[in-house]
Amino acid sequence: MTKVIRRKNQIIIPSSQLYLAKVDDFVEGKLRKLKLDKNQLADLAISVTEAVNNAIVHGNKKDPEKKVTLRLICDKSCICIEVEDEGKGFDLNSLPCPITEENLLKEVGRGIFIVRSLMDKVDFIFKPEGGTIVRLTKYLKNKE
Amino acid sequence: MKLTTREDKGIVILEPKGKIMGGPDATLLHDKLHEFISQGKKKVVIDLAKVDWMNSTGLGILISGLTTMRNNGGELKLANVTEKIQSLLTITKLITVFETFESVDQAVGSFN
């Protein structure tokens, strides 16, 4: 796969970090229409790049034949973003804690920790036929 | 992300602008930091005033720069840390690792 496919609320990219900025542009473009505050927008943008980067690097192992699909689902109460890869999944319990002393100076391993800190809810769906969906949920603040 | 560099009193000042999220942008910052180390320039300030946000890749680059500088007898300091990046440094406890300053001048002055 070499092309980026854009649909109304979906973008599909090849498994290369070269496309991270395109995903960010797509998501921020959609989210700006919702008039989120600057912090919410940044939290979502950071989390999306973490999830997409993980899908490319750890999920699809940068295999150019595999794709990463991002879906955006919004309603009045929340924003939900799904990032799907075609990888074999992973063991959530095996992730090292990045804030322990022995891991503090490691250059990698903070992505999911940061996503969980910034999002209101994070779900991992490991599909039996292969592929992982990471579902990021941010509840919208009442603007009264 | 765009990256400019300058020097003040022998201290290298890096000024990234935009978002640091991985991919070619991140490689640019990483390579620049290591280029200075190879030139024997080991006192570096990263001015984060114009960085909208960074993700864990950006934090990893800062750590890589910091540890490489320290291993070579130098130091990497952060200036103008925005609220969003401050929050990420706090969440990840990296705030305990980096020296941060409210301005580039303060950061540069701290090397003396």
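Which strand of chain A holds A:Glu82? Select A:Glu82 and find strand β4, residues 78–84 of chain A. The model on screen is a predicted one.

**Stop 1: A:Glu82**

With the residue selected, turn on a surface. A:Glu82 is buried, at a relative accessible area of 10%, where the cut-off for buried is under 20%. Next, show what surrounds A:Glu82. Outside the four places on either side in sequence, the contacts of A:Glu82 are A:Thr69, A:Leu70, A:Arg71, A:Ile73, A:Ile133, A:Val134 and A:Arg135.

The side chain of A:Arg135 makes a polar contact of 2.8 Å with that of A:Glu82. A:Arg71 forms a salt bridge with A:Glu82, at 3.2 Å from N to O. That pair links distant parts of the chain, with A:Arg71 in strand β3 (residues 67–74) and A:Glu82 in strand β4 of chain A, 11 residues apart.

**Stop 2: a helical pair in chain B**

Move to helix α1 of chain B, residues 24–38, and select B:Lys32 and B:Glu35. These two side chains form a salt bridge, with the closest N and O atoms 3.6 Å apart. An α-helix has 3.6 residues a turn, so residues three or four places apart point the same way. Both residues are partly exposed: B:Glu35 has a relative accessible area of 34%, and B:Lys32 is at 24%.

Back in chain A, salt bridges with shared partners join A:Arg71, A:Glu82, A:Glu84, A:Lys127, A:Glu129 and A:Arg135 into one network. Selecting these six together shows how A:Arg71 and A:Glu82 from the previous stop belong to that network. Over all chains, the structure holds 17 salt bridges.

**Stop 3: the boundary between the chains**

Colour by chain and select B:Lys19 with A:Glu28. Their side chains meet in a salt bridge of 3.0 Å, N to O. The pair crosses between chains, with B:Lys19 in strand β2 (residues 11–20) of chain B and A:Glu28 in helix α1 of chain A.

Now widen the selection to the whole interface. There, 25 residues of chain A are in contact with 24 residues of chain B. About 2,000 Å² is buried between the two chains, and carbon and sulfur atoms give 66% of that area. The rule finds 3 salt bridges across this interface, along with 6 residue pairs in polar contact.

On the side of chain A that touches chain B, the elements giving two or more residues are α1 (20–32), α2 and α3 of chain A. α2(A) gives the largest share, 8 residues. By type, the residues on this side of chain A divide into 12 nonpolar, 6 polar and 7 charged.

**Stop 4: helix α3 of chain B**

Select residues 83–91 of chain B, which form helix α3, and pick out the buried residues B:Lys84, B:Ile85, B:Leu88 and B:Leu89. They lie on the same side of α3(B), because they cover an arc of only 135° around the axis. Both chains contribute to the cover over these residues. It includes α2 (38–59) and α3 (111–118) of chain A, and β4 (51–54), α2 (56–71) and β5 (75–79) of chain B.

**Stop 5: the end of that helix**

Step on to B:Thr92, in the loop between α3 and β6 (100–101) of chain B. B:Thr92 counts as buried, at 1% relative accessibility. Its side chain reaches the backbone oxygen of B:Leu88 at 2.7 Å. Show its contacts next: leaving aside neighbours within four places in sequence, B:Thr92 touches A:Ile99, A:Leu104, A:Arg110, A:Phe113, A:Ile114 and B:Leu59. Finish on B:Lys93, which follows α3(B) and has a positive phi, near 65°.

Definitions and conventions:
Residues are numbered from 1 along each chain as its sequence is written. Chains are lettered from A and ligands numbered from 1 in the order in which they are written. This is a predicted model: local features need pLDDT of at least 70, side-chain atom pairs count only at pLDDT 80 or more; totals for chains, interfaces and linings use all residues. Side-chain values use heavy atoms; hydrogens and water are left out. Buried means under 20% relative accessible area, exposed over 50%, partly exposed in between (1.4 Å probe, protein chains only). Helices (H or I, at least four residues) and strands (E, at least two) are DSSP runs, numbered from the N terminus. The arc is that of the directions from the helix axis to the C-beta atoms. Contact means heavy atoms within 4.5 Å. Buried area is the accessible area (1.4 Å probe) that two parts lose on being put together, summed over both. A salt bridge is a side-chain nitrogen of Lys or Arg within 4 Å of a carboxyl oxygen of Asp or Glu. A polar contact is a pair of N or O atoms within 3.5 Å; within protein, one must be able to donate a hydrogen and the other to accept it, and residues adjacent in sequence count only if both atoms are side-chain atoms. Ala, Val, Leu, Ile, Met, Phe, Trp, Tyr, Cys and Pro count as nonpolar, Asp, Glu, Lys and Arg as charged, and the others, Gly among them, as polar.
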